[in-house]
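Thanks for coming. I'll keep this short. Have a look at the model first.

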Number of protein chains: 2
Amino acid sequence: MVDGSSRKEDTFLALDIGGTSVTCGLVSRSGEILMTDSFPTAQGPSPAAMTEIMADKLKDIWTKADRHRRPKALGIGAPGWIKPTEGIVVMAPNIPGWREVPITRIMSEAMDLPAILENDANLYALGEWLAGAGKGHDNEITLTLGTGVGGGLILNGHLWSGSFTSAAEVGHIPLNPWSGAICGCGRKGCLETVTSAKGMTRLGLEWLASGRETLYKGPPEELNPAVMQKLALKKDPMSLSVFKEAGEALGLALAAIFNLLSLEVAVIGGGAAGAFDFIINHLLATLGEHLVTAQINEIQVVKGLLGVNAPLVGAAALLEAAGY
Amino acid sequence: MVDGSSRKEDTFLALDIGGTSVTCGLVSRSGEILMTDSFPTAQGPSPAAMTEIMADKLKDIWTKADRHRRPKALGIGAPGWIKPTEGIVVMAPNIPGWREVPITRIMSEAMDLPAILENDANLYALGEWLAGAGKGHDNEITLTLGTGVGGGLILNGHLWSGSFTSAAEVGHIPLNPWSGAICGCGRKGCLETVTSAKGMTRLGLEWLASGRETLYKGPPEELNPAVMQKLALKKDPMSLSVFKEAGEALGLALAAIFNLLSLEVAVIGGGAAGAFDFIINHLLATLGEHLVTAQINEIQVVKGLLGVNAPLVGAAALLEAAGY
């Protein structure tokens, strides 16, 4: 049936290399997830050993899905500092040993398929745009609230990379450079000091240390946004306060972004987006207060729909846009 | 010679309607200013009376320049809230009586020429891009430091308008929403509370009121950025402090903008850009500290070259892009 198959039935392989886990998948041209697998990001093996595991997993997926049908190409998402056009992961701070890894060449040779590399947050944004919460919107930003805060920008229905193929670095937008917390990057008051999983946890720990009232009775080292999310359902003042502060910070950042670009939708994704329901009202109140390019009811701020699959779906959008 | 003339020799008429004055001009396709005239913005006459004066001035320019050669079209810049695609000035807060004025239709009929309306800061950005400080750069933002702070964004060599034809509203980016000054718009800590001519004057007046040392001996009502610029040459502590604060605020705003869009150049224009030399070092220091999408030496922040002619030159770029 291969010969008679339509372009619509084309498949792509996708790889999302994260600091915690690597996700592999087979995705249709339209962004439908056909099969996925994942494994924990090895902290010990060299990048060479890791890429071997990735290739094995991808081949396994491909064989199981349809051994007779060749995927058109491979899309790779990676964190940290990458050079997409050269296919190199220059440095991935959360994956020890990953420095100057020519990931595109390695994986392309291992799979005997053309491959493209892109920033993981950009793939996430492309995924939500193709088949998730941003579907149907030409001008969109996606923020990923994870260990840090990433971003991906869709303008006129295309991923925007800018002059240095590094756009949408929203995590280090200076939000409160005068009295904000010190960021992991060494700067003061970056957006992610308040809105990343790490930032929200820091806010919670400050609350704990101050001795203010809270329903949380566990040890400080076990506090995280998922825990606070459960407590927020019980109206825990600490958790509600943390999500309020995160929501207001996101509202301010989005006000700058919407005022600058006149977008129509923002998608909030990433692991810490589980707290979306506790964040959104504060976010919208602050955004509405500072929005000048549209009325607040003309724009949308929505929760991502695809979760960890978003970058895999995004790989399909990336490869489609590249002509595969 | 009309018949044998080339497309390169085409001319456009241009109109920049400002709160203080109206500038009219004849511009070549490549952005060369062939002739200009201006008159103070009438505070008394109705929009109808004003448009009559504009039409007379434009006809006069056209006749003087070359009565036999017909300009291809008219580009109109206007401040405030406009609807470019409908050709309507919805509201221009600084020009009394300007509400729901169908300026494009009025001027097009008066001149018997096709006309296009655009936000004045956008035209300013287009002008600096076509023939000024942004020439040769595909990804660029222009900030105009005037009574307020306007902006225009060039992405991939095209004016970026966004979903609601209202992008680059940088003046109301929330810079310091916690402890910033109240903006003319009613919000707190907008960028223009510190970086507009009005904002810089406010900072100077605060300095005066506090009794701190200054070389300024005039009455408070005569203080403005031009006065401070002269005093800064004599190392006046008030003026230097005001320009430092403005520079740092611009550096923070540009950090957010460059990190989001990965631009290569920012042009600083508008009346208060005369203080550029006192602002730039503080601006670059702050921008460099918060820039993550490029090294500070890979990007440029430059002073606009065209001054009040920038929107007229921008009209040529706008009309050329529209196919005239």
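A residue counts as buried if 20 or more other C-beta atoms lie within 10 Å of its own, exposed at 12 or fewer, and partly exposed in between, with C-beta atoms placed from the backbone. Strands (E, at least two residues) and helices (H or I, at least four) are DSSP runs, numbered from the N terminus.

Two housekeeping points. This is a predicted model: local features need pLDDT of at least 70, side-chain atom pairs count only at pLDDT 80 or more, and totals for chains, interfaces and linings use all residues. Residues are numbered from 1 along each chain as its sequence is written, with chains lettered from A and ligands numbered from 1 in the order in which they are written.

Start with strand S4 of chain B, residues 74-78. Five of its five residues are buried. Both faces are covered. Leu74(B), Ile76(B) and Ala78(B) sit on one side, Gly75(B) and Gly77(B) on the other.

Now its partners. Strands pair if DSSP finds at least two bridges between them. S4(B) pairs with S1(B), residues 11-17, in the parallel sense over four bridges. There, Ala14(B) bridges to Gly75(B). S4(B) also runs parallel to S8(B), residues 115-119, joined by five bridges. In that pairing, Ile76(B) has Leu117(B) as its partner.

Next, two helices of chain B. H3(B), residues 120-131, packs on H9(B), residues 310-321, at about 80°, with axes 6 Å apart. Axes are lines fitted to C-alpha atoms, for helices over the stretch in contact, and angles run from 0 to 180 degrees between N-to-C directions. So H3(B) is roughly perpendicular to H9(B); that label covers 65 to 115 degrees, with under 35 roughly parallel, over 145 roughly antiparallel and the rest oblique.

Contact means C-beta atoms, placed from the backbone, within 7 Å. Among the residues making this contact are Trp129(B) of H3(B) and Pro311(B) of H9(B). Nonpolar here is Ala, Val, Leu, Ile, Met, Phe, Trp, Tyr, Cys and Pro; charged is Asp, Glu, Lys and Arg; the others, Gly among them, are polar.

Last, the two chains together. How many residues does each chain put into the contact? Chain A gives 32 and chain B gives 32. On the chain A side, H7 (237-261) and H8 (276-290) each supply at least two residues. H7(A) has the largest share, seven residues. By class, that side has 17 nonpolar, ten polar and five charged residues.

Methods
Contact = placed C-beta atoms within 7 Å.
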